[in-house]
Amino acid sequence: MKPKKLGSWGRNSKQKSDQKKEQSNSQDKAPALREQVHKPGQHVESEKLSTNLKENIKAIKETMGPDNVDVVIREFVIATKPKPTPAAIVYVEGISNTVTQQFAIIQPLMFLSTLRPDNEQAITQDELFNYLRYCLIPTAHSDETDTKQGVMNHIVTGETVILIDGVAKGIVVETKSWEHRGVSEPKTEASVRGPHEAFTETLRVNTALLRRRIRSPHLRIDMMRIGRRTHTDIGICWLDGITDPKLVEEVKKRLGAIDVDILPYEGILEEYLEDQPYSIFPQVQITERPDRVAAFLSEGRVAIIVDGNPMVLVMPTNFSTYFQTNEDYTERWMYATLLRILRLFSIVNSALLPAFYIAITNYHQEMLPTQLALAFAQARENVPLPAFLEALFMIISLELVREAGLRMPSPVGSTVGIVGALLLGEAAVSANLASPILIIIIALAGLSSFILPQYSQGLVLRFIVYPFVILATGWGLFGVVAGVMVIVIHLSNLTSLGIPYLEPLWRPVEAFRDTFIRIPMWLMIKRPRFLRPQDSVRQTMTIRKWAPEKHTFVASDTMDKTDQVVQDAQSKQAQPHQSPDAKDQKGGGKER
């Protein structure tokens with residue numbers, strides 16, 4: 001009998017069985033190969049440095065790449081007796097200071113190593129290592145490492161590593177130097193009064209700006225590194241004796257749980273630290289002003305500085321930060337209170353004004369006075385679109401103009417934003433696509449979103465306007481009120497680092513101390529209670545111990561003399577003026 005031909009199902013089942021056998025065989029043959037597999041950027045173990053200089057240089061070249069032109073390995077000889085010792089320095093060109101390397105590393109090792117008092121005697125390699133590190137290298141900071149991974153981590157951050165033949169350790173010398181932007185004025189938090197300094201992209205410059213404002217030994221800056229490939233430096237700033245230690249531990253726990261390849265932006269870190277990542281409200285405060293960070297730290301908050309980013313994260317935050325700026329504390333308290341009420345009004349304006357227009361136009365015309373209702377009807381008489389599409393068209397148009405002005409170069413962006421908005425509004429009214437009243441309402445809502453001190457807070461208002469417009473279109477003011485209730489309930493359940501988001505609004509005493517209004521600074525005796533500070537008192541109870549005195553002016557001898565001098569001057573001016581010739585003639589007549 002002829003063998004039966006296998007069908008497609010039979011061929012597929014046979015192929016699957018063969019594949020399973022091959023997979024099982026490969027799994028049995030290569031158990032050691034699987035053990036060596038690790039995550040990208042991570043090393044299975046930190047290999048120790050060898051005592052052979054050539055092997056260490058070879059390992060560095062293999063890890064960094066043989067064709068990597070910015071990795072420099074400079075070999076030289078240390079003049080030790082009775083036999084010279086080979087050595088080498090390893091650094092990355094462009095982020096290391098070559099002047100420091102030349103005068104603080106190469107020159108002492110090559111020319112001054114023979115000045116040792118006991119140079120006639122042979123020394124061990126450990127003695128040579130300690131002598132070079134502690135006696136010959138005149139730098140402010142030096143360290144040592146005994147692993148190959150440690151050498152890589154140090155040189156990619158701008159430090160220089162000295163490798164010595166016969167020593168299984170390397171000397172790490174501080175030579176960091178790279179081009180960076182200087183301290184400039186804030187771009188997103190400009191102010192009229194107060195400091196005009198902003199953070200930069202360099203971590204040490206930012207910590208120096210903080211140290212300059214908080215000259216206290218209790219300022220703690222704990223360092224961490226995140227990113228298996230980028231090894232981004234993170235600075236955790238807090239004030240010992242004021243900040244609650246539980247807040248600091250919680251921040252460190254969340255940062256320690258982050259395991260990513262790269263961390264290029266502080267916004268990515270913000271998403272990892274949020275309590276509720278699906279909320280539209282920001283749960284981390286972002287600022288570029290050192291004075292604001294210093295003020296937050298003095299209240300008991302925690303600041304996070306990310307190397308390479310000019311923005312600093314502050315936790316925990318709350319809803320009251322939406323209408324607080326640094327100028328509230330540089331101006332008098334009554335002006336600051338008025339501006340805060342204006343910002344609170346702008347929040348309601350930006351989120352609800354278009355929705356109110358749609359609800360009143362479609363459902364609640366009886367709420368308007370007769371003249372105003374007739375003005376609304378006359379303005380929309382020639383508009384063919386319903387109120388929902390009319391408002392949605394203008395809101396999206398405003399967003400397009402705003403984004404175009406933001407992304408274009410600064411000299412042109414402001415001009416494009418203003419001219420584009422004017423032309424677009426005029427063209428929409430002329431083409432009967434929108435009513436003049438709606439143009440005014442959308443313009444007021446857009447301007448209100450710009451009043452908030454932070455750009456991310458304005459994004460929240462720009463986002464929630466769409467759900468309110470939809471609710472107003474379907475259910476009128478009832479839908480708008482329902483939407484407000486949902487947002488209030490959501491804010492009540494929202495937390496930032498475990499602290500309620502609406503703190504301290506539900507505390508009657510603290511709610512009107514430094515939230516909607518600002519009381520005088522000499523009355524802000526205690527720090528915010530919801531932050532649980534270790535030291536709640538920030539100033540003495542009675543600072544204004546003096547009473548204003550009314551000065552009364554009493555006549556004295558000095559005043560009498562002054563009055564006499566004034567009277568003499570006035571009498572001289574009242575006498576008739578005589579010419580010099582008349583005086584001479586009068587004098588000559590007397591002589592004759």
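**Close-up views of a predicted model**

Tyr357 is buried, with a relative accessible area of 3%. This residue returns in two of the views below. The model shown is predicted.

**View 1. Tyr357 pairs with Phe376.** The two ring centres lie 5.8 Å apart. The planes meet at 35 degrees, so the pair is tilted. Tyr357 belongs to helix α11. Phe376 belongs to helix α12, residues 370-379. The pair therefore ties together parts that are 19 residues apart in sequence. Phe376 is buried, with a relative accessible area of 17%, and that value falls under the 20% limit for buried residues.

**View 2. Leu438 and the residues it touches.** Leu438 is in contact with Tyr357, Glu390, Ala391 and Met394. That list leaves out residues up to four places away in sequence. Leu438 also belongs to the largest nonpolar core, where it is among the residues with the most contacts.

**View 3. The largest nonpolar core.** This core holds 37 residues. Which residues have the most contacts inside it? They are Phe281, Phe319, Tyr322, Leu438, Leu491 and Tyr501. Five helices each supply at least two residues of the core: α11 (333-362), α13 (387-407), α15 (436-451), α16 (455-475) and α17 (477-493). Helix α11 gives the most, with nine residues. A second core is separate and has 25 residues. Ile236, Val302, Ile499 and Phe530 are among them.

View 4. The whole structure contains four aromatic pairs. Phe319 and Phe323 form one that is edge-to-face. Their centres are 6.1 Å apart, with 80 degrees between the planes. Is Phe319 buried or exposed? At 14% relative accessibility, Phe319 counts as buried. Phe323 is buried too, with a relative accessible area of 0%. Ring pairs link Phe319, Tyr322, Phe323 and Phe516 into a cluster.

**View 5. An open sheet of five strands.** The strand order is β1-β2-β4-β5-β3, and the pairing is antiparallel. Strands of a sheet pair through backbone hydrogen bonds. Which strands stand at the edges? They are β1 (71-78) and β3 (142-145). Each has a single partner strand, so one side of each is left without a neighbour in the sheet. From one strand to the next, the twist averages 25 degrees.

**View 6. Strand β1 beside strand β2.** Strand β2 covers residues 85-92. How many bridges join β1 to β2? Eight bridges do, and the two strands run antiparallel.

View 7. Helix α4 spans residues 98-112. The helix lies across β1, β2, β4 (160-164) and β5 (170-173). Its direction is at about 30 degrees to β1.

**View 8. The whole chain, for orientation.** The chain has 592 residues, and 40% of them count as buried. Its secondary structure comes to 20 helices and 12 strands. Among contacts with a separation of 6 or more, 66% join residues 24 or more positions apart. The accessible surface comes to about 34900 Å². Carbon and sulfur atoms account for 59% of that surface.

Definitions and conventions: Residues numbered from 1 in each chain as written. Predicted model: local features only at pLDDT ≥ 70, side-chain atom pairs only at ≥ 80, totals over all residues. Heavy atoms only, no water. Helix = DSSP H or I, 4+ residues; strand = E, 2+ residues; numbered from the N terminus. Buried < 20%, exposed > 50% of the residue type's maximum accessible area, 1.4 Å probe, protein only. Contact = heavy atoms within 4.5 Å. Areas by Shrake-Rupley, 256 points an atom, 1.4 Å probe, with all protein chains shown as cover. Pairing = 2+ DSSP bridges. Axes fitted to C-alpha atoms, helices over the stretch in contact; angles between N-to-C directions. Core = buried A, V, L, I, M, F, W, Y, C linked by side-chain atoms within 4.5 Å. Phe/Tyr/Trp six-rings, centres within 6.5 Å; stacked < 30°, edge-to-face > 60°.
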